[in-house]
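Me: I have a structure open here and would like to go through it with you. Can you take my questions one at a time?

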Amino acid sequence: MGIFDKFKKGLEKARNTFFGSIKTIFAGKTLDDETLEELEEILVMSDMGVEVTQKILKELKEFYKKSDDSDPLILLRDIMEENLTNEPINLNPTKKPYVILVVGVNGNGKTTTIAKLANQYIKNGKSVVLAAGDTFRAAAIEQLKHWGEKIGAEVIAHEHGSDAAAVAFDAVKHAKAKGKDVVLIDTAGRLHNKSNLMEELKKIKRVVQKELPEGIDETLLILDGTTGQNGIVQAKAFKETVDITGIVITKLDGTAKGGIAFAIDHDLNIPIRMIGVGEKEDDLQPFVPHEYCDALLGLEE
Amino acid sequence: MFENIQKKFSLAFKNLSGKGKISEKNIKDAVKEVKLSLLEADVNYKVVKNFIDSVKEKALGEKVLESLTPDQEFIRILKNELIELMGGKEPEKLVISRNPGYIMLVGLQGSGKTTSAAKLAKMYKEKGKKPLLVAADTYRPAAIDQLITLGTQIDVPVFSGDKVNARKIVKEAKNYAEKMLHDIVIIDTAGRLHIDDDMMKELEDIKNYIKPEEILMVVDSMMGQDAVRTAKDFNDRLELNGFIVTKLDGDSRGGVIISIRHVTGKPIKLAGTGEKIVALEPFYADRYAGRILGMGDVLSLIEKV
Ligand SMILES: Nc1nc2c(ncn2[C@@H]2O[C@H](COP(=O)(O)OP(=O)(O)OP(=O)(O)O)[C@@H](O)[C@H]2O)c(=O)[nH]1
Ligand SMILES: Nc1nc2c(ncn2[C@@H]2O[C@H](COP(=O)(O)OP(=O)(O)OP(=O)(O)O)[C@@H](O)[C@H]2O)c(=O)[nH]1
Ligand SMILES: [Mg+2]
Ligand SMILES: [Mg+2]
């Protein structure tokens, strides 16, 4: 199984009814207005947004003129790929403890992604501490504890309703004292337009810094792969508040295409680190722009 | 982003004013801006095309009301069409006539089903009903704990049976509800993908057994272009009665509302507007029309005419 098989499978199902096969639609086509409009449709329907779509199509037109008899679809794939940065997450950190803070809006897959990431670190022989920093949502702590037990990670939790920053502090302190390798901090889902909740994230960062002067090593924003243009607003707001260093796009095992990745990379320069392709602990994949663009456009190697 | 769109709109409409009728030519720019605005609001690409065509058809040749300039006239038609598409001005009610009446919540992962189930239970409890919550999500870690916690907060019992088999839990919940004289039964189900055949089959089986009067799909208002497809698939398999659109306390433009409504013809019945258990409201289409268009001020101006 290729790493993007789950993503492809979902998209194939989508294409069968929506476009037929993209490859056959475009076979032998030149880049006329009709083809451009069809490509626009495909890109906008992937949640790429109008602006980025126009930009990419403009580039496509320019390149097409210069390069005779090339397949417009392959050209498009190459241009799309160029528009994505590839910076994988550090799965073998030497720094100890390596601290990752996970943030995002409600229900997009933060807690599950933490379990998946922890699972990868554990497979790499690292010891992992999970901080149950969602002290707000009903049974969020139980959910994280369940995962901790399942994959063999220690969970540091306080009472429901307690201070999230205090949980993060305890987890980091514990990891430092016991020589643990990685700390993953879960946080409650919060909408980026609620400033009081966003402030809470700053406090978590500050408090961790008290224990570890170098502070948090990676701040991951989780983004639901079905999200539309609001994803850009989310990324902007979280970036301003806690300086996001990477993004994980989840739920790409459905038929959503996660085109918002392009807009975010384009506007904000935050790399997409991983993608989530299911609800199990193994369903996390590195983000590989080439394979992603192939899958999105229905191209095979 | 908002101001930007409004600026573009007023520019686009400038060339309409002072003319008696709306013509293809003098709405060309405006149509383009509307299209862009709807796409930026995440209305599905194909739905936008259909919508624009129908508004254009209505607007062309239309005489302009004396109190309005042609641009405002165009917006008026546009807005009315939008509200029409979104389901009219009056919110659609949930219809429960049997005793007990069954409500089933379905949808993608993380859309807000469990929270909405608790909100609905609270709503009915406040109306003097005796609701029962049924925890039929046997997959997601701690999903049952989550519903039990919420049930405790609002003092509504939660039935969770063997916690393993969703079909069996629902069957037993029926007996339990009848025995305990509950008049409303709200079933929370696991989040699932519309392309997951086994999981969709589970919902069909539950539906066929319990025959709910209301099967509501819970949809995240931040969703993008794929909403059309998921809503269509859920509706094809389950014949939905309507939708609950959640997380409307955020700042997404909510184009998903138009998309799902257009593709299924089913109404949005309720709006989720917060994480608290009281944050559930009837869905007023006219409130969201301006938000989707991103031109609230312009619309309220016309409202006063
Ligand atoms: N299909 C699919 N479902 C996912 C994926 N990641 C998470 N989920 C599901 O999405 C739902 C929400 O996931 P959580 O991890 O609880 O999300 P969260 O962001 O922690 O949610 P809150 O803490 O409530 O804000 C759960 O049902 C998960 O099983 C994914 O990659 N694919
Ligand atoms: N801001 C806001 N958050 C909401 C709303 N409705 C639900 N949520 C939050 O969204 C997240 C997911 O809600 P759940 O009710 O667990 O979603 P679900 O559909 O049951 O999720 P799964 O069972 O994992 O598929 C939680 O953090 C909720 O608090 C809403 O209207 N506004
Ligand atoms: Mg969580
Ligand atoms: Mg749930």
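Me: Where is B:Pro100 found?
Reply: B:Pro100 is in the loop between helix H4 (70–86) and strand S1 (101–106) of chain B. Helices (H or I, at least four residues) and strands (E, at least two) are DSSP runs, numbered from the N terminus.

Me: Before we go on, what should I know about the model and the numbering?
Reply: This is a predicted model, where local features need pLDDT of at least 70 and side-chain atom pairs count only at pLDDT 80 or more, while totals for chains, interfaces and linings use all residues. Residues are numbered from 1 along each chain as its sequence is written, chains are lettered from A and ligands numbered from 1 in the order in which they are written, and side-chain values use heavy atoms, with hydrogens and water left out.

Me: Back to B:Pro100. What kind of peptide bond joins B:Asn99 and B:Pro100?
Reply: A cis peptide bond, with omega about -5°. Most residues other than glycine have a negative phi, and most peptide bonds are trans.

Me: And what joins A:Lys96 and A:Pro97 in chain A?
Reply: A cis peptide bond as well, with omega about -15°. A:Pro97 lies in the loop between helix H5 (72–82) and strand S1 (98–103) of chain A.

Me: You mentioned phi. What is the phi of B:Leu181?
Reply: B:Leu181 has a positive phi of about 60°, although it is not a glycine. The loop between helix H7 (166–179) and strand S4 (184–189) of chain B holds B:Leu181.

Me: Buried or exposed, B:Leu181?
Reply: B:Leu181 counts as exposed, because its relative accessibility is 65%. Buried means under 20% relative accessible area, exposed over 50%, and partly exposed in between (1.4 Å probe, protein chains only).

Me: What about B:Lys211?
Reply: B:Lys211 is not a glycine, yet its phi is positive, about 45°. B:Lys211 sits in the loop between helix H8 (197–210) and S5 of chain B, and at 54% relative accessibility B:Lys211 counts as exposed.

Me: Which residue of S5 can we look at?
Reply: B:Glu214 lies in strand S5 (residues 214–220) of chain B. B:Glu214 has a relative accessible area of 1%, so it is buried.

Me: What does the side chain of B:Glu214 reach?
Reply: The backbone nitrogen of B:Val95, at 2.7 Å. This is a polar contact, meaning a pair of N or O atoms within 3.5 Å; within protein, one must be able to donate a hydrogen and the other to accept it, and residues adjacent in sequence count only if both atoms are side-chain atoms. Contact in general means heavy atoms within 4.5 Å. Leaving aside neighbours within four places in sequence, B:Glu214 is in contact with residues including B:Lys93, B:Tyr102, B:Asn241 and B:Lys269.

Me: How many helices and strands does chain B have?
Reply: Chain B has twelve helices and eight strands. Of its 305 residues, 59% count as buried.

Me: Switching to the two chains together. How much area do chain A and chain B bury between them?
Reply: About 3,500 Å², with 57% of it on carbon and sulfur atoms. Buried area is the accessible area (1.4 Å probe) that two parts lose on being put together, summed over both. The contact takes 41 residues from chain A and 37 residues from chain B.

Me: How many salt bridges are there across that interface?
Reply: The rule finds three between chain A and chain B. A salt bridge is a side-chain nitrogen of Lys or Arg within 4 Å of a carboxyl oxygen of Asp or Glu. B:Asp249 forms one with A:Lys194, where the closest N and O atoms are 2.3 Å apart.

Me: Which elements of chain A give two or more residues to the side that touches chain B?
Reply: Helix H1 (5–18), H3, helix H7 (140–151) and helix H10 (230–242) of chain A. The largest share, five residues, comes from H1(A).

Me: Pick a residue in H7 of chain A.
Reply: A:Gln143 is found there. A:Gln143 is buried, with a relative accessible area of 3%. A polar contact of 2.9 Å joins the side chains of A:Gln143 and A:Arg137. Leaving aside neighbours within four places in sequence, the contacts of A:Gln143 include A:Thr111, B:Arg140 and B:Pro141.
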